[in-house]
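Please open the model in your viewer and keep the selection tool at hand.

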Amino acid sequence: MASAEIITLKRNLKPLLDRLAGDGAAELESNIAALAHPQAHWRVAHPLNEMTGTENARSQVFAPLMAAMPDLERRDVIFVGGTYEDRTYIAAVGHYCGTFRRDWLTIPATGQPVYLRYGEVYQIENGRIVQANLLWDILDLIRQAGFWPLAPSLGAEGMWPGPITADGIVLHDIDPAQSASSITQTLAMHRKLAEFDDRGNLSREALLAMPQKEHWHPKMMWYGPSGIGTTRGLQGFVDYHQLPFRIAFQRPQGSFEEVTAQRARHGAGHYIRIGDGAYSVTGGWPSVYAIHNGGGFAGMGPSGRPVSMRVMDFYLHHEGLIRENWVPLDMLDLLGQMGFDLIARLQSHF
C-alpha cells in the first residue's frame with residue numbers, strides 16, 4: 001500500500017477508534033460495526049484472550065469496560081501505520097482514561113480516575129479491522145486499584161509518557177526512506193540481542209559491552225509493563241530488566257536465523273514489522289519462546305515450564321539511535337504459564 005493510502009487510512013481510523021471508546025455504551029454496537037469486519041479476529045490480553053466477531057468483542061471486551069468506566073475516553077500518544085508481508089497495519093500506544101465506578105475483571109472499583117495503558121495493533125483490509133491485537137496492561141490497573149500480588153518491580157512503576165519529540169501521532173506525509181531506516185535499525189538491534197550467548201557469556205559486564213550499545217541512545221528510556229517497570233540508560237536496562245530476564249528465561253541460542261527458526265517451531269514470531277517515519281513497531285502473538293529455568297523474575301522461583309510471551313515493541317528513533325522503547329507485554333498470561341494465577345489471587349484477596 002502506498003504511503004498516501006496509509007495516511008488516509010490512519011486519518012480515517014483514528015476518529016473511529018476515539019468514538020468507539022468515547023461515545024459510550026449506547027453507541028457501542030454501531031461504532032464497532034463501522035470499525036471492524038463482522039467476523040474480525042480479536043486477540044486481547046489475559047483473561048479476555050481470543051474471540052471472533054464484533055458481537056463477542058462488544059459483549060466480552062468493550063461493554064464491560066464501559067460499564068466499569070462510564071466516562072471512558074481514548075488517549076493515543078503514538079499512532080502509526082505501515083505494511084508487512086502484504087498486510088496493512090495501524091498501531092497505537094496510549095491510555096484509556098476513565099473514572100473506575102464499577103468492578104471490572106474482579107478488580108475492585110476505586111471511584112477514582114484510572115489509566116489503562118495499551119499497545120494495540122490492527123490489521124486492516126478494505127478499510128476495516130480484520131484482526132485486532134490489544135495488549136492492555138491489566139496488572140497496572142490492579143496496581144492502581146491498590147493491590148500488588150508480586151515482588152516489587154525492579155524498574156520504576158508509573159504512567160508511560162509520550163515520545164520526547166511530541167510527534168507520535170503520525171498523520172502526515174513522511175519520507176519512506178526514514179521509515180525503512182527505522183525498521184532496519186530495529187531489526188539490526190534485534191539481531192544483536194538474539195545472537196548473544198546467554199549460556200556461555202551471561203554477565204552484567206558482557207551485556208553492557210555487547211554490540212546492542214551501538215543502537216541505543218545514551219539517554220534511552222525503556223518502558224516496560226507493570227511488574228517489570230521503566231528503566232533509563234543502557235545500565236538501567238541491563239540491571240533492572242535485561243540481565244534478570246535472561247537469567248530467568250532460557251532462550252533459543254544460535255544465529256538470528258537459527259533463533260528465528262526455533263521460535264517458529266514453537267509458534268512464536270513477528271506478525272508485524274513496520275516503520276513509519278521516526279517510529280518502528282514489531283510484535284508477536286507470541287513473539288518470544290523460552291524455558292522458565294531461572295529464579296528472580298517477579299519474585300518467583302524457576303518453574304521449569306516452557307512459556308511464550310505476547311509482546312509488542314514501539315520504538316522512537318532519534319538523533320540516529322533508538323531513544324525510547326515502549327513494551328506492552330501480557331504479564332497475566334505469562335505469569336499464568338509460570339504457575340501463578342493472578343486473577344484467582346485477586347479474587348481470594350477481595
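What follows is a series of selections, each with a note on what is there.

This is a predicted model, in which local features need pLDDT of at least 70 and side-chain atom pairs count only at pLDDT 80 or more, while totals for chains, interfaces and linings use all residues. Residues are numbered from 1 along each chain as its sequence is written, and side-chain values use heavy atoms, with hydrogens and water left out.

**Stop 1: the largest pocket**

Begin by selecting His 190, Leu 193, Arg 263, Val 288 and Asp 313, which lie nearest the centre of the largest pocket among its 32 lining residues. On a 1 Å grid over the protein atoms alone, a pocket is an open set of points with protein on both sides within 12 Å along at least five of seven lines, a cavity is a set where a 1.4 Å probe fits but cannot get out, and lining residues have an atom within 4 Å of a point. The space in this largest pocket comes to about 710 Å³, where a volume is the space filled by probe spheres set on the grid points, joined across faces, edges and corners.

Now colour α5, β7 (216-223), α8 (233-248), α9 (256-265), β11 (279-292) and β12 (306-318), the elements that give two or more residues to the lining of the largest pocket. Helices (H or I, at least four residues) and strands (E, at least two) are DSSP runs, numbered from the N terminus. Which element gives the most to the lining of the largest pocket? It is α8, with 5 residues. By class, the lining of the largest pocket has 17 nonpolar, 10 polar and 5 charged residues, where Ala, Val, Leu, Ile, Met, Phe, Trp, Tyr, Cys and Pro count as nonpolar, Asp, Glu, Lys and Arg as charged, and the others, Gly among them, as polar.

**Stop 2: the cavities**

There are 2 cavities of 30 Å³ or more. For the largest cavity, with about 50 Å³ of space, select Arg 117, Tyr 118, Leu 135, Trp 136, Asp 137, Trp 160, Pro 225, Pro 328 and Leu 329, which line it. The elements that give two or more residues to this lining are β5 (113-125) and β6 (128-136). Of the residues lining the largest cavity, 7 are nonpolar, none is polar and 2 are charged.

**Stop 3: salt bridges**

The structure has 20 salt bridges, each a side-chain nitrogen of Lys or Arg within 4 Å of a carboxyl oxygen of Asp or Glu. Select Glu 73 and Arg 75, whose side chains meet in one of them at 2.6 Å, N to O. Glu 73 is partly exposed at 32% relative accessible area, where buried means under 20%, exposed over 50% and partly exposed in between (1.4 Å probe, protein chains only).

Then select Glu 85 and Arg 87, a salt bridge at 3.2 Å, N to O; Glu 85 is exposed at 51%, whereas Arg 87 is partly exposed at 23%. In helix α5 (residues 176-195), Arg 191 and Glu 195 lie 4 residues apart, about one turn of the helix, and their side chains form a salt bridge at 3.3 Å, N to O.

**Stop 4: aromatic rings**

The structure holds 12 aromatic pairs, in which rings of Phe, Tyr and Trp (its six-membered ring) have centres within 6.5 Å, with planes under 30 degrees apart counted as stacked, over 60 as edge-to-face and the rest as tilted. Select Trp 42 and Phe 62, whose ring centres are 5.9 Å apart and whose planes stand at 80 degrees, so the pair is edge-to-face. Because Trp 42 lies in strand β1 (residues 36-44) and Phe 62 in helix α3 (residues 54-68), the pair ties together parts that are 20 residues apart in sequence. Both Trp 42 and Phe 62 are buried.
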